Amino acid sequence: AHPHRRMAVRRAACVGPSSLLLLLLVGFVGFAFGAVDFDDDSTDLIQAYNAVLMSLQYNGTIIEFLGQNNVTGTTFAEDCVADPAMYPMPANPTGLLKHVLNTGEYVVGLSGGVSVEDNILHLIFGQIGKYYGVSITVTFKNFDEDNEVWEALNSGDIDCTDCMYVLGGFGLNTRRRVAWQPTCSSYADKLNLASNKTRSITNTTQLSNAINERRLKGIPTEIGGVGAAEAQLLLQMFNAYIYQYHTRAEALAAMQERDNMWAIVAGDNFNQNPDLVVYGMDTIMPLVTFCRKHVADDSKVKSLSMLDTWTYGNDDLTQAYDAALTSLELLGYYASVFASWGVTPVSLGDCFVKQSGYGVPSSPTGTLKDIIDSRKFILGDTSAASTLLNTTDNPPSGPLHALNFAIVDWLTKQYDLSSPVELEYKYFNTPEEVFYALKVGDIDATSNYYYIGGTTDINGTTYMRSSLFQASCTAGSFPNYIAVRADSNITSMDDLYLLAEANPKIKMGGVLSSGLLLMQMLFASYHTMTIEMIDSNNNAFSRLATDPDFIAVMVEWSNKYPTTVSTFTSNTLQPVATFFRKDKVLACADDVVDLKFHEQCVSDGTGCTNVCTCDEGYHAYDPPQRECEKDEKHHGINVTGIVLGTCFGLVFLVCVLLVLALVLSFPFLRRKYMKEGSLHARFQMFRGRRFS
């Protein structure tokens, strides 16, 4: 090799001072980039998402959007109260929201292609971007299979799913609502089935009977649905072979071709097909967006002994309760107990029944262990008479009480107890007192007649129930009815909208705050209308009878209304459930997050003393242990940052080693190169004589 070429190679490796400084800087930045990982906490993003979504529901934009795009068969599950005041926008965005605002892009994962309903995301992120003064592009990333979406969500290849995922489904054989963080539902699908007229099937009871008769004869029956969630729902409802299709057209073609396919989930336009009979399933499916659950580590207890605090949390109890409820539904008891009381609840698809999805703790801990040891399950409620739960009777009556009684009986048998667990009610004057008693540990749970989307006041501050407490799977979902005078000739929401347009100054009302908020949402675009809150059904009926300008009122659910009024559904539902304490630290420090459920601490109302009350309100601690310590924040993992940081770091390390080697070998190299230079001069002299 030419000696000058060797020197050129060495000079390229041994950089000059300015180049070395540049490489050192690049290496340092690389290490920093790898160390400061991207925080993927979705808390702020979901808060902003829900804030805008509830505003769009409250002002009627979602209803208008669905109507303009001919999206029919929809309702509102009311899993979140449509009150924008309950959802403030984050003042200082962090985590995933900060990332989306910085990049100007929100990456959404879905399977089966983009639907017209996905434009709701453009509405939501258009408003989020407008609020923060940035432009956000919603990018859709389509996958072939549903499980690929969940894998991409777990790995961070997408920010969240699209807004068309059913709350109660499964992903990667795991309950979606447990493994990932859902938003409020944008709306819910009312599901119908369609069968060929030749089958003579007009309802789900007839279909189930036909399936069972054919099964006894050894003849299989097939039913088709579109997407994973519909297939999972059909699997729990019917003892049939379930087929999953990508489109309604594909499912319809299959039913026409396959002799054993007796029904498919109907599309919007199936009523127009003269060869089909379309009938309801009494099931709705709330549609939500799912994001990753953030696992924070901002706070740790000081001593290991304090980990016992969590044994009196409620994780095991919530898990066992949901397992009992879904098992009873699978056994058919759920439907029969409501039917015996003349009640037909609408099934809310928030917890699909799948035996393997609801494990029962083999070694109970926490409040569940306390219940089993004491043989007593204490529920909190107010004393009130209702068809669903009459707590003025002794013992209480109604289908919801029968359901709770069946749950404790199921738990007794599940754990093979020598004596039964007893169900005990503890009564309070107001719902606020019930939830405060739950907060401080005076009761194990609320009754199962509490609206999931409701609010509660604690120490003068209003909270969403779902933000402070953990809701079970829904015990039932009941339509919200509008009551009008019996002689009014108003029979539907369409009639009521037409009347509101013709008479913009009419009066309407809603019973209690929940009814008021729903009426304000449904009639948000009618700004001149007066909507009042009425404190009871009886007073609402009296108002209709005495005030000619008072046209309609949203009333509390009942299976029987007086003959002086007529009622119709408002296309909204109120799901009810049992609420449990969340396993969380109660503290006044704003930035302390608990060890187990990783949720923000909540002030106990006594003022900030910088002391964490780690187990306030829980059992069996005398005196209560009260010390916590704050730890450094731990961010989410950014694989790209780590890879690039490692690469830059290696370059930095190689340069340092090369510089060190050159410094140590400089005297030797100097003598050697001088010698080589002398030989080279002689060679050039010889070469000149040889070829001259």
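Predicted model: local features only at pLDDT ≥ 70, side-chain atom pairs only at ≥ 80, totals over all residues.
Residues are numbered from 1 along each chain as its sequence is written, and side-chain values use heavy atoms, with hydrogens and water left out.

Lys507 and Asp547 form a salt bridge with an N to O distance of 3.9 Å (the term requires a side-chain nitrogen of Lys or Arg within 4 Å of a carboxyl oxygen of Asp or Glu). The pair links distant parts of the chain, 40 residues apart: Lys507 is in strand β25 (residues 507–511), and Asp547 is in the loop between α20 (537–546) and β27. Helices (H or I, at least four residues) and strands (E, at least two) are DSSP runs numbered from the N terminus. Asp547 is buried, because its relative accessibility is 13%. Asp547 also bridges to Arg543, with the closest N and O atoms 3.2 Å apart. A network of salt bridges links Lys507, Glu532, Arg543 and Asp547.

## A bridge within helix α14

The whole structure holds 11 salt bridges. One joins Lys369 to Asp373, with 2.8 Å between the closest N and O atoms. Both residues lie in helix α14 (residues 366–374), 4 residues apart, or about one turn of the helix. Lys369 is partly exposed, at 41% relative accessibility.

## Aromatic pairs

There are 20 aromatic pairs, counted where ring centres of Phe, Tyr and Trp (its six-membered ring) lie within 6.5 Å; planes under 30 degrees apart are stacked, over 60 edge-to-face and the rest tilted. The ring centres of Tyr481 and Tyr561 are 6.1 Å apart and the planes stand at 70°, so this pair is edge-to-face. It connects distant parts of the chain, 80 residues apart, with Tyr481 in strand β24 (residues 476–485) and Tyr561 in the loop between β27 (550–555) and β28 (565–577).

Tyr481 is partly exposed at 22% relative accessibility, whereas Tyr561 is buried at 17%. Elsewhere, ring pairs join Trp150, Tyr165, Trp180 and Phe290 in a cluster.

Asp144 is exposed, with 61% relative accessibility. Asp144 sits in the loop between β3 (137–143) and α7 (146–155).

How values were computed:
Buried < 20%, exposed > 50% of the residue type's maximum accessible area, 1.4 Å probe, protein only.
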